[in-house]
Amino acid sequence: MTDVTQLEQRISVAMDRIERGLGAMAEQAPAVDASGADAGALETQLEEERFANAQLEERVKALKDRQDTKIKELETRVSAQRDQMAALDTELQRLRASSADMREVNAQLRAAASEGVAEPELINRAMMAEVEALSAQRASESAEVDAILKELKPLIEEA
């Protein structure tokens, strides 16, 4: 960003020099001899300044294009990270829900065991809740690994 600002300042300085040169040329117009040598020198300087100005404008344009490309890349990365975080959050919510269900079923199973009653339905629910909790935990860990790999991939490619 500072390169763009510096180039803009340089362009402004060049334009000021051109303006001063044209002003000086207008003031010296009566002093120009018949050969037009002074006018030719000023015209050469003006062309040099135009050329330098064009070069600076090209550099500013290239910097702006590069900056715009970098911004688009960063926006894409932010969007991808946002999607990853949403997937990870979904899996964490699933894990929390299955853990809460497992705690509830286990409490019911403990209550039934303390009463000396064996309820096959509660045992079955407890096993299903545990399987769901393990499945949710695995999905959550998988989402975390995917997020980490997506962050490491660009670093590995750079190396």
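Predicted model: local features only at pLDDT ≥ 70, side-chain atom pairs only at ≥ 80, totals over all residues.

A: The largest nonpolar core is made of 6 residues: Val4, Leu7, Ile11, Leu56, Val60 and Leu63. Two elements each give two or more residues to this core, helix H1 (2-28) and helix H2 (37-114). Take Leu7: leaving aside residues up to four places away in sequence, Leu7 touches Leu56, Arg59, Val60 and Leu63. As a general point, nonpolar side chains tend to be buried together in soluble globular proteins.

Now for the charged pairs. The salt bridge count comes to 7. One of them joins the side chains of Arg17 and Glu49, at 2.8 Å from N to O. Arg17 sits in helix H1 and Glu49 in helix H2, so this pair ties together parts that are 32 residues apart in sequence. Glu49 is buried, because its relative accessible area is 16%, under the 20% cut-off. Arg17, at 40%, counts as partly exposed.

Glu47 pairs with Arg50, their closest N and O atoms being 2.9 Å apart. These two residues of helix H2 are 3 residues apart, about one turn of the helix. Glu47 is partly exposed at 40% relative accessibility, and Arg50 is partly exposed too, at 44%.

Further along, Glu91 forms a salt bridge with Arg94, with 3.5 Å between the closest N and O atoms. Glu91 and Arg94 are also 3 residues apart in helix H2, so about one helical turn separates them. Arg94 is partly exposed, at 30%. Through shared partners, salt bridges join Glu91, Arg94 and Glu132 into one network.

How values were computed. Residues numbered from 1 in each chain as written. Heavy atoms only, no water. Core = buried A, V, L, I, M, F, W, Y, C linked by side-chain atoms within 4.5 Å. Buried < 20%, exposed > 50% of the residue type's maximum accessible area, 1.4 Å probe, protein only. Helix = DSSP H or I, 4+ residues; strand = E, 2+ residues; numbered from the N terminus. Contact = heavy atoms within 4.5 Å. Salt bridge = Lys/Arg side-chain N within 4 Å of Asp/Glu carboxyl O.
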